[in-house]
Amino acid sequence: MIDLHCADLGVMENGNYKVTGDHFGARVMYSCDDGYWMSGPKERVCQGDGSWSERGPECRQKAMCGVPPQVPHARHNASDKVLEFDVDDVVQYTCFQGYDPHGYPRAKCLFFNGTTQWYGLDLRCIPRSCGDPGEVKNARREGDIFTFTSRVTYHCEPGYELVGRANRYCESKGEWSGVLPSCRPVECPQPRDVTNGRAVYTTTTYQSVARYECLNGYRLVGPEIRVCEANKQWEGEEPYCEEIKCGSPGILHNGYVKGTSTRYGTVIYFSCLENMTFVGGSASTTCQKDGTWSHPVPKCMAPCSVPAIEHGRVTNYAPDARVAHDKHITVDCIAQYELRYNTTPAACNNGSWTHIPTCIPGDFLMFSLKLF
């Protein structure tokens, strides 16, 4: 707890005083020497701010009042050069411009209870109100006091810039200075069209959207959409349009490809060499928008030569014939011979046989050989 003390009162001319202490609530009582009149309060109190109440009295040779009391934000009609006032003198107070008077604005010099003092004054000068200065859309207002000498400041939200003055002051006539400002969206530069494409937009203000698109045969690399940000720049990097190319579709063995371009929309045709068998879903493929071919490269499968069968012969093809891929041969064995594997026919698989049929001696022949 702070030990509060009021200041030393010093020497009083032509009078004396008695104090009960210098702590909060202590009192001092004044008296004048014979032949002198007191002007001012006969008693003062040590206040909570460490000062004595009111202005100290004076002992004068004539009953007179000293300088009239001061009222904040007001002046009186007496000359500043006059330091003493006769009993019954009256001074009139007027509030400064921008302040409205509340209370009684006069003070009168009276001799009462053994001292001369100013009585009657009960005036407060209240700062004039300007009312609510108003809100601004997309802004915040700093300051919540709306009386004379006060100031309010407007700050735009991110993405908006101020049009007008940020500060308004409550003036003495009870009106705000200037006019209410506004906050308008910031503006980004017009987005450039990309090579082999364009930027599509309607506005370039804060939160506006620019959409990018490419010409047919090109695809966008980068963001399709960019937004105008609070820093007056379009978000992200500017995209670009690159030509759509599918690259080589692959190698076609035992065949040939018609077409060399790999650009978007190009159609390539596949053909097999003579006697080759075409295996695949399509004889053509198209370069698509996503940079891939619509169909894989097919296969051209080679034929097989008719095999020579010992102790037998191929019945469904001539000896010098070519058997197409995936075709089967049938074999007959000569008398007293039979096929080793007669359940699975031999098939041509890209120039090779899955197996070569074999004729082996039958059961009767094997029995005869055992006899000899």
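D132 is exposed, with a relative accessible area of 52%, where exposed means over 50%, buried under 20% and partly exposed in between, with a 1.4 Å probe and protein chains only. The structure is a predicted model, in which local features need pLDDT of at least 70 and side-chain atom pairs count only at pLDDT 80 or more, while totals for chains, interfaces and linings use all residues. Residues are numbered from 1 along each chain as its sequence is written, and side-chain values use heavy atoms, with hydrogens and water left out.

D132 forms a salt bridge with R141, the closest N and O atoms being 2.8 Å apart; a salt bridge here is a side-chain nitrogen of Lys or Arg within 4 Å of a carboxyl oxygen of Asp or Glu. R141 counts as partly exposed, at 23% relative accessibility. Salt bridges that share partners also join E58, R60 and E84 into one network, and a search of the whole structure finds 15 salt bridges.

Two further pairs can be followed along the chain. The side chains of E43 and R27 meet in a salt bridge at 2.5 Å, N to O, and because E43 lies in strand β4 (residues 43–45) and R27 in strand β2 (residues 27–32), this pair ties together parts that are 16 residues apart in sequence. Strands are DSSP runs of E with at least two residues, and helices are runs of H or I with at least four, numbered from the N terminus. E43 is partly exposed at 36% relative accessibility, and R27 is partly exposed at 38%. The side chains of D100 and R128 likewise meet in a salt bridge, at 2.8 Å, N to O; D100 lies in strand β10 (residues 99–104) and R128 in the loop between β13 and β14, so the pair ties together parts that are 28 residues apart in sequence.

Strand β14 (residues 139–142) pairs in the antiparallel sense with strand β15 (residues 151–156) over four bridges, two strands being counted as paired if DSSP finds at least two bridges between them. In β15, the bridge partner of E142 is T153. Strand β15 also pairs in the antiparallel sense with strand β17 (residues 167–169), over three bridges, and in β17 the bridge partner of V152 is R168.

The interior can be read through its nonpolar cores, each a set of buried Ala, Val, Leu, Ile, Met, Phe, Trp, Tyr and Cys residues joined through side-chain atoms within 4.5 Å. The largest nonpolar core has 15 residues, and those with the most contacts inside it are V71, F85, V91, Y93, W118, L123 and C125. The elements that give two or more residues to this core are β9 (90–95), β11 (106–112) and β13 (122–127), and β9 gives the most, with three residues. Leaving aside neighbours within four places in sequence, V91 is in contact (heavy atoms within 4.5 Å) with residues including P68, F85, P105 and W118. A second, separate core of eleven residues includes C304, I309, I329 and C348.

Elsewhere, L220 is found in strand β21 (residues 218–221) and is partly exposed, with a relative accessible area of 25%. Leaving aside its neighbours within four places in sequence, L220 is in contact with Y212, C214, P239, Y240 and C241. The C-alpha atoms of L220 and E310, which are 90 residues apart along the chain, are separated by 67 Å.
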